[in-house]
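These are my notebook entries on a structure that I looked up.

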Amino acid sequence: MAASTDQVVSKCIDGYGSAIGMPQLCGDWMANQVFWLVVTLVVIFIILSRIALPRIAEVLADRQSTITSYLATSEELKSKAEEAERSYVQALNDARSEASRLLDASKAEMKKELQSAISKADAEISVKVSESEASIAEIRKNALSSIEKVAKDTAKEIVSALGAKADAKTISTAVSSKMKG
Amino acid sequence: MAGTAQPSEKSDGLVFHPMDQFIVEPLFGSGPIYWYTVTNVTLWMGLSVVALVLLMLVGTSKRALVPGRAQSVGELAYGFVHKMVEDVAGRDAVPYFPYIMTLFMFIVLSNFLGLLPMSFTTTSHIAVTAVMAIGVFLAVTVIGFVKNGVGFFSLFWISSAPLALRPALTLIEIISYFVRPVSHSIRLAGNMMAGHAVIKVFAAFAGVALISPLSVVAITAMYALETLVSFIQAYVFAILTCVYLKDALHPHH
């Protein structure tokens, strides 16, 4: 670079430090470029083939195998989840049918109990009814005989009050026949 | 660095030296450049090695299952080149993957480092790209003969073409085969050199106040284009290497 004004450094650079023609065609520099290029390429090749490329290949393979194993695991978990869902649905259906069975059974039982209670009540009611009927009949009979007696007495009193004479037998017969008719 | 244009005191006009950024010079002192001299070529190639170590060794040192940024880029580069070798050259070309990865990483890192202001672009020199292209050419030819023996010549004898055309096609195929290293190397060096020189020319115009805004816009646009070209040229170099390797492994059309 430090080209003094009147001195030509090489046949490719003029006195002002500028290139004469194309520097690419300057033969003086080619050996230098070729030498350093070969050194550089050898260094790059060694770095790449010894360390960098095997390392990257390993990283990529690791990643691929990790992804594959993760996929397999997720597939397995998915099938497990499906299995769990299936058993859950199964249990739900079982419980549902069990519940409806229990419901039916308890309904039938209740019906039966109700039926027996009703029939028992009916029986009790009919007993009560017949008792009542009997007592009513009794009461009626009593009432009838009381009424007959009262009627006979009243009739005897009326007859005697009217001044007629009548025996008790005739009056009671007459009252009885009147009451019947 | 060489990128700084030396303003010439003698002339008053618009002076720019777009090629000065490609000058090779000693890092320490000034003197003749021998093959072992430590030069700016050494510095920028060394920096590409440093960048490679940072990206591919330091970045991946954690071997994280879920990669961070640097490791992601390293893995991306690995996957990109590995897939390219596998798709273009076939499965039996995978043993040559580290060689192609070496070329790709060197070129892509050198190209990107060359985009830094004041830097020296090692891949803009035909001497550098020619060595890589000739290396690929020789390696591919040797692999072709070792793997296929004399059968490698079937690359030049196109059995699917009509018999009358075959001698002519063979001539064309042989010429194109030997032109490969030339196009392979000049494509990369030419692209890098041209882009940097154009940026430099635009930069010189920035000294004129009237057109400096336009110049800045043009530099920005060229820089974006050069960023794209830096990657694409590394990709093209690597994919052509794969194509040549495929021809060597499977010479039958």
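**Entry 1: Chain B as a whole**

I began with the contacts in chain B that have a separation of 6 or more, and residues 24 or more positions apart account for 68% of them. Contact here means heavy atoms within 4.5 Å.

I note that this is a predicted model, in which local features need pLDDT of at least 70, side-chain atom pairs count only at pLDDT 80 or more, and totals for chains, interfaces and linings use all residues. Residues are numbered from 1 along each chain as its sequence is written, chains are lettered from A and ligands numbered from 1 in the order in which they are written, and side-chain values use heavy atoms, with hydrogens and water left out.

I found six helices and zero strands in chain B, so that its elements read α-α-α-α-α-α from the N terminus. Helices (H or I, at least four residues) and strands (E, at least two) are DSSP runs, numbered from the N terminus. Taken along the principal axes, the box filled by the C-alpha atoms of chain B is roughly 65 × 55 × 40 Å.

I then turned to accessibility. Of the 253 residues in chain B, 48% count as buried. Buried means under 20% relative accessible area, exposed over 50%, and partly exposed in between (1.4 Å probe, protein chains only). Chain B exposes about 12,200 Å², and carbon and sulfur atoms supply 74% of that area. Such accessible areas come from the Shrake-Rupley method with a 1.4 Å probe; for residues, only the protein chains shown count as cover.

**Entry 2: Salt bridges**

How many salt bridges does the structure hold over all chains? I recorded eight. The rule asks for a side-chain nitrogen of Lys or Arg within 4 Å of a carboxyl oxygen of Asp or Glu. Side chains of opposite charge can pair when their charged atoms come close.

I looked up the pair Lys83(B) and Asp87(B), whose closest N and O atoms are 2.6 Å apart. The two are separated by about one helical turn, because they stand four residues apart in helix 2 (residues 69–89) of chain B. Asp87(B) is exposed, at 53% relative accessibility.

Glu86(B) and Arg91(B) form a further salt bridge, at 2.2 Å from N to O. Glu86(B) is partly exposed at 24% relative accessible area, whereas Arg91(B) is exposed at 63%.

I also followed Arg180(B) to Asp247(B), a salt bridge of 2.5 Å, N to O. Arg180(B) lies in helix 5 (residues 166–205) and Asp247(B) in helix 6 (residues 212–249) of chain B, so the pair ties together parts that are 67 residues apart in sequence. Both Arg180(B) and Asp247(B) are buried.

**Entry 3: Chain A against chain B**

I listed 40 residues of chain A in contact with 54 residues of chain B. The area buried between the two chains is about 4,300 Å², with 72% given by carbon and sulfur atoms. Buried area is the accessible area (1.4 Å probe) that two parts lose on being put together, summed over both.

Two salt bridges cross this interface, including the one between Arg63(A) and Glu75(B), with the closest N and O atoms 2.8 Å apart. On the side of chain A that touches chain B, the residues divide into 26 nonpolar, nine polar and five charged. In this count Ala, Val, Leu, Ile, Met, Phe, Trp, Tyr, Cys and Pro are nonpolar, Asp, Glu, Lys and Arg are charged, and the others, Gly among them, are polar.

Where does Phe152(B) lie? I placed Phe152(B) in the loop between helix 4 (126–148) and helix 5 of chain B. Phe152(B) is buried, at 2% relative accessible area. Leaving out residues up to four places away in sequence, Phe152(B) touches several residues, among them Tyr177(B), Asp247(B) and Pro251(B).

Thr170(B) is in helix 5 and is buried at 15% relative accessible area. Beyond its neighbours within four places in sequence, Thr170(B) is in contact with Phe156(B) and Trp157(B).

Is Val81(B) buried or exposed? I noted Val81(B), a residue of helix 2, as buried at 0% relative accessibility. Residues up to four places away not being counted, Val81(B) touches Phe97(B), Ile100(B), Met101(B) and Phe104(B).
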